[in-house]
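Hello,

Here is the structure we spoke about, for you to open alongside this message. My notes on its side chains follow below.

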Amino acid sequence: MPEYSSTFSLLGVSRARCDEPYIYNHWLSNIKDWCISRQLWWGHRIPVWYVVGRDPEEEYIVARSSDEALEIAQKKFGKDVEIYQDPDVLDTWFSSSLWPFSTLGWPDMLEEDYKTFYPTTMLETGHDILFFWVARMVMMGIEFTGKVPFSYVYLHGLIRDSQGRKMSKTLGNVINPVDTVKEFGTDALRFALALGTAGQDLNLSTERLTSNKAFTNKLWNAGKFVLQSLPSQSDHSAWKILSSYEFDSEESLLRLRLPECWAVSKLHLLIDLVTTSYDKYYFGDVARETYDFFWGDFADWYIEASKARLYQSGDEPITFAAQAVLLYVFENILKLLHPFMPFVTEALWQALPNRKDPLIISPWPETSLPINANAIRRFENFQDLTRAIRNVRAEYTVEPAKRISATIVANPEVLQYISEEKEVLAILSRLDLKGVHFTGSLPENANQSVHLVVSEGLEAYIPLADMVDISSEVQRLHKRLVKMEGEYKGLQARLSSPKFVEKAPDKVVCETREKAEEIQEKINSTRNRIDFLESTTAVVADKV
């Protein structure tokens, strides 16, 4: 008997379903009788004929056609013999196990399709039919062609409903893909499925689809921004300058300003990661890595930072560099996303200027391009500063449109690269450009400011008076404190009652105790805030 086990590589299981190789090998190394007949109205009719008047278990004929069967019967039983074919059909899995080669002209092995496409490289299927179908295809392929039909098998998970149940008509939880496409779009559905972990089942919910529809819209809007930011196609001199920008050498990255160098370096890092993940068939990782970069880095940070170049710089070389980086990063994002989201990416690609070929036949991005680790580290420091200022604005409920002042205190190295991006910092943090100051020592108004420690060698001072009316804020906090103290006393009274502690369910007692601890923390935080604001008011009064 031919050796059928361990004949190909299983993919999509190494990190999720490590029992699959065992199941496959066990099924093929413990061969047992297989009932291949089914009483169905469809399928391959069993090629067995019986002789009328004879015991079918004793006398039967296996042939390729009824004519061949009759000829065999006549030779054995005479010219007047009558035969009839078995009414059953072959098991569905038996028929489908022939699929890799029977669709290509087999048994004529000289057919061009057979010679070109058999054996193929990969089979993609669900993990639940590994032994029903995959093992049988391998067995039949070796038996009838002498070749394994594929080198790799990628096992994906099953699509389940939002509660993790298998879809069935009985439960009424079947998600119609046609209706889903109409509501959310083909690209959103494809991307939602791709974000699953290799080999693991995926719970498909409306929330997941809505999230990926939002991602598709974000991609579309980013494309609109990039298109609006580029020069007119009729401006040949501008496009000549843009086309001269290249980002394939360390020197070209060093000529860029910090945000541009960071964006290009992060893109090059992403291309390497994604290409490696594609090579390993970690498609879920590809989707997540690209999603995080596009939304978390490009859309949330670089597009916003580029507005300082496009609308405020007044410096043509800086503007051209920003336009070149926007175009370069965005077109590579489209390439990375195209296998998952072919329609929206192709539409955006062909809307970009000077596209000679469709995206589907464009070359894959080059790997091992330069990455400036220093620029990444510096911009991450810049991001931490921006987040710290945004957080303090939120903490003091500063109106989004209000511009505030800030004094950045840092060592000379940090001051140099942060101060060079003053306009970007002002846009991202909603600062008053004229009120942004950089120094290496403590500012004069430190006692009247919120002190932010961003990282080692980088701090910021935000004047309180810029953010709130101090006296009004103190009054508001006092009212809030009184309300919280009353709530805390009520909870403590309940917890001090033996009847409540002994008779109430343990869960209720535990939740009450946790709520009391949470309110106690808020009380302490509010008291500290009041003390700080009152001390600031006292300092101002002393100076007056």
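Aromatic pairs

Y50 has a relative accessible area of 14%, so this tyrosine counts as buried. Please keep in mind that the model is predicted. The partner of Y50 is Y84: the two ring centres are 5.6 Å apart and the planes stand at 50°, which makes the pair tilted. Y84 has a relative accessibility of 38% and is therefore partly exposed. Y50 belongs to strand β3 and Y84 to strand β5 (residues 83-85), so their contact ties together parts of the chain that are 34 residues apart in sequence.

A second tilted pair is formed by Y152 and Y281, with 6.0 Å from centre to centre and 40° between the planes. Y152 sits in strand β8 (residues 150-156), while Y281 is in the loop between α12 (258-279) and α13 (283-312). These two residues are 129 apart, and the pair links distant parts of the chain. Y152 is partly exposed, at 30% relative accessibility. Counted by the same rule, the structure has 28 aromatic pairs.

Salt bridges

How many salt bridges does a search of the whole structure find? The count is 19.

D201 and R160 form a salt bridge in which the closest N and O atoms are 2.8 Å apart. D201 is in the loop between α8 (186-194) and β10 (202-203), and R160 is in strand β9 (residues 159-160), so this bridge ties together parts that are 41 residues apart in sequence. With 29% relative accessibility, D201 is partly exposed.

R355 pairs with E331, and here the closest N and O atoms are 2.9 Å apart. The loop between α15 (342-351) and α16 (373-395) holds R355, and helix α14 (residues 316-337) holds E331, so the bridge ties together parts that are 24 residues apart in sequence. Is E331 buried or exposed? E331 is buried, because its relative accessible area is 17% and the cut-off for buried is under 20%. R355, at 24%, is partly exposed.

K522 and E518 meet in a salt bridge within one helix, with 3.6 Å from N to O. They are 4 residues apart in helix α22 (residues 506-543), so about one helical turn separates them. Both are partly exposed: K522 has a relative accessible area of 39%, and E518 has a relative accessibility of 44%.

The network of salt bridges links R257, E260, R309 and E421.

Charges over rings

Which residues make the nonpolar surface patch of about 470 Å²? They are L40, W41 and W42. W41 is found in the loop between β2 (37-38) and β3 (48-51). The relative accessibility of W41 is 85%, so this tryptophan counts as exposed.

Regards

Definitions and conventions:
Residues are numbered from 1 along each chain as its sequence is written. This is a predicted model: local features need pLDDT of at least 70, side-chain atom pairs count only at pLDDT 80 or more; totals for chains, interfaces and linings use all residues. Side-chain values use heavy atoms; hydrogens and water are left out. Patches are made of residues with over 30% relative accessible area and no salt bridge: like charges are joined within 9 Å, nonpolar side chains (Val, Leu, Ile, Met, Phe, Trp, Tyr) within 5 Å. Accessible areas come from the Shrake-Rupley method with a 1.4 Å probe; for residues, only the protein chains shown count as cover. A salt bridge is a side-chain nitrogen of Lys or Arg within 4 Å of a carboxyl oxygen of Asp or Glu. Buried means under 20% relative accessible area, exposed over 50%, partly exposed in between (1.4 Å probe, protein chains only). Rings of Phe, Tyr and Trp (its six-membered ring) pair if their centres lie within 6.5 Å; planes under 30 degrees apart count as stacked, over 60 as edge-to-face and the rest as tilted.
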